[in-house]
Number of protein chains: 2
Amino acid sequence: MSITIFVPRESGADEPRVAASPDSVKKLTGLGCSVLVERGAGEMSRISDEEYDKAGAKIAAASDIRKADVVLCVRRPDSRLSQIKKGAAILAIMDPFEADKELAAMAKAGVSAFAMELMPRITRAQVMDVLSSQANLAGYQAVIDAAHLYDRALPMMMTAAGTVPAAKAFVMGAGVAGLQAIATARRLGAAVTATDVRAAAGEQVQSLGAKFIMTDALKDASGEGGYARELTAEERKAQSELVASHIAKQDIVITTALIPGRPAPKLVTTAMIESMRPGAVIIDLAVERGGNVEGAKPDEVVTIGGVRVAGYLNMPGKIAASASLLYAKNLLAFLETMIDKEAGKLSIDRDDELVKATLLTHDGAIVHDRFGGSAPAK
Amino acid sequence: MSITIFVPRESGADEPRVAASPDSVKKLTGLGCSVLVERGAGEMSRISDEEYDKAGAKIAAASDIRKADVVLCVRRPDSRLSQIKKGAAILAIMDPFEADKELAAMAKAGVSAFAMELMPRITRAQVMDVLSSQANLAGYQAVIDAAHLYDRALPMMMTAAGTVPAAKAFVMGAGVAGLQAIATARRLGAAVTATDVRAAAGEQVQSLGAKFIMTDALKDASGEGGYARELTAEERKAQSELVASHIAKQDIVITTALIPGRPAPKLVTTAMIESMRPGAVIIDLAVERGGNVEGAKPDEVVTIGGVRVAGYLNMPGKIAASASLLYAKNLLAFLETMIDKEAGKLSIDRDDELVKATLLTHDGAIVHDRFGGSAPAK
């Protein structure tokens, strides 16, 4: 017996990433799995069918998803759920918050749905952390997009005809995305400042050569798992005053503030945008969760008082070829822990803390306690 | 008496730059000139009418061009020539090659037309060198555009989920634009190689931390004024073989090869493009002169065998706010040499080598020897 893994072609322009790479295919076939990759699945990530084939995969039709014991996805495969056999495992970015109906459907279908984004932030799971791997690239791409929209140069340039001053970039939220945005803006020669409500972020910001901006009123708002907690009304007011005075002088602002399972906090108001000089650029990386910037619209560049505000729904997808390689590695690392090579089958240990943290549905029921499931099995 | 200077609003999206900045206006009014800036002239370069006004300019109507003793332009103002008074001077990027009809019209109109791009490359004129100031920004923008189109990261990234390799960038032509492209690609962490037919470029390329690629068959093809001469058939063949083997391994190619007054040399063939891996990006900075890349189309991104080839007609215009400041400084520096402050009028010294090199038409005739004019006045 062997485990059959299926890798679907995702939804094209909306989701150009793919959940397997030639590397991950090679490792999985090495573990005795049979890997089926849907024709064209890697096209938008610059991986050809030939490359998958060479790595040991079989190029398959969409309908071959029926054969899968494991389905590796980028997004939750709602529309194909009826084709997936009972008992199969699905690994994906499940986007489980406010998705009760979809979770119920997966439970009913009898699949074991793993939400990769719920992977705990512990050392053992670092290599499986899809939020980090994708946010890192999103932070890079945010600066590239900002530089592309901006109609001045980022670096200081000393020329025979005078000096072009360095652009001032401000990064709000110094998590994985924010730190990579800081590093990339620094690479391009911008003068970079950053803020975060978690006190620990200050040192990291400074280690990248940027200046940390924070109000005394807010000592620390660290929450669970390295994320920030929501601020109190007073804290929000102090933060807002600080931002308002700082932002007026900025050329480029990149916002990355997210609170897990909650709408993104509004950090930049229309009045703040209007205080910036025409030509400034704002990139809102939180637009998928409602946005950190007032007036930001998904997948649009909005102009407010001469300032361009851009928010893309799928930033890692804009850099899909790199994003898919890292994502595939994340999935592989997790899947490997569940492959029983001897028996040639998947073995889900419900006592494993990684499984506990990510498994949404199993054996016909919602099992995750955050989504109304019963307590995890002993 | 005083000199009246007019700064028109250029043609918008096609030409977002403007020929004066608040700084240059302040200097010119300080020299006793009266400066008229057409309403909205600076809008696309992020300079408001208020800023010009504060610097001492008068915001003027389009028709006020009739009052001008000097017209400062980005592009040749063909459509407004009839409104410009006889004897007035026009400073612009005149694009005089293959523009016989337009030159004749300027001669007939009795204007003194100065082609800023013909400024000699001598120390005294460095600050007036519009080709350098604008090419510098074009080289920067070429890399930003390439990074934006490219669906992988440029820098090497070492993450928990594995390493993203650095992109390989190849810059063809290491003049002002090429050198800035090299510097910017290096900033972003790409592995950069470059080639040039002028032997002197090798050292400059290496000083920026890039690898210089050149065939032994081609020792040196330096031409006049720091530019390259045209290659012989044999040299072209050796160069082409070198490029063909190198380019197949590149992720990003930026071409910047220009020969003054001649079509751009074709450096990259369709076969070479097809040898590159899907997802690679080529930016052709010579597309205004026919392009260095086969199949490149002005202001389009063409996909050839999965490789995207982009060529923009006005690359400095994509970074107009910075480009206009430097361009305005270039014009100011040249204009200053011709202002007779005592007499309050323009004084064109036809023996000055800067005037000799740039003056196309004067007193009703074409006077530049490269464009069929009589020899310069003694």
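Biologist: Where is K341(B) found?
Modeller: K341(B) lies in the loop between strand 16 (339-340) and strand 17 (345-346) of chain B. Strands here are DSSP runs of E, at least two residues, and helices are runs of H or I, at least four, numbered from the N terminus.

Biologist: What should I know about the model and numbering?
Modeller: It is a predicted model: local features need pLDDT of at least 70, side-chain atom pairs count only at pLDDT 80 or more, and totals for chains, interfaces and linings use all residues. Residues are numbered from 1 along each chain as its sequence is written, chains are lettered from A and ligands numbered from 1 in the order written, and side-chain values use heavy atoms, without hydrogens and water.

Biologist: Back to K341(B): buried or exposed?
Modeller: K341(B) counts as exposed, at 54% relative accessibility. Exposed means over 50%, buried under 20%, partly exposed in between, with a 1.4 Å probe and protein chains only.

Biologist: What is K341(B) in contact with?
Modeller: G30(B) and L31(B), leaving aside neighbours within four places in sequence. Contact means heavy atoms within 4.5 Å.

Biologist: New topic. What order do the strands of the open sheet in chain A take?
Modeller: The order is 3-2-1-4-5-6-18-19, eight strands with mixed pairing. Two strands pair if DSSP finds at least two bridges between them.

Biologist: How do strand 18 and strand 19 of chain A run, parallel or antiparallel?
Modeller: Antiparallel, joined by two bridges. T361(A) has I366(A) in strand 19 of chain A as its bridge partner.

Biologist: Which helix packs on that sheet?
Modeller: Helix 3 (residues 100-109) of chain A, which touches strand 6 (112-115), strand 18 and strand 19 of chain A. Its direction makes about 45° with that of strand 18 of chain A. Axes are lines fitted to C-alpha atoms, for helices over the stretch in contact, and angles run from 0 to 180 degrees between N-to-C directions.

Biologist: Which residues cover the faces of strand 6 of chain A?
Modeller: S112(A) and F114(A) are on one side, A113(A) and A115(A) on the other, and all are buried. Strand 5 (residues 89-93) of chain A runs parallel to strand 6 of chain A, over four bridges. There, I90(A) is partnered by A113(A).

Biologist: Now E15(A). Buried or exposed?
Modeller: Buried, with a relative accessible area of 2%. E15(A) is in the loop between strand 1 (4-7) and helix 1 (22-30) of chain A.

Biologist: Which side chains does the side chain of E15(A) make polar contacts with?
Modeller: R17(A), at 2.9 Å, and R75(A), at 2.8 Å. A polar contact is a pair of N or O atoms within 3.5 Å; within protein, one must be able to donate a hydrogen and the other to accept it, and residues adjacent in sequence count only if both atoms are side-chain atoms.

Biologist: Last one. What area is buried between chain B and chain A?
Modeller: About 3,400 Å², with carbon and sulfur atoms giving 58%. Buried area is the accessible area (1.4 Å probe) that two parts lose on being put together, summed over both. R46(B), H148(B) and R187(B) supply 21% of what chain B buries against chain A.
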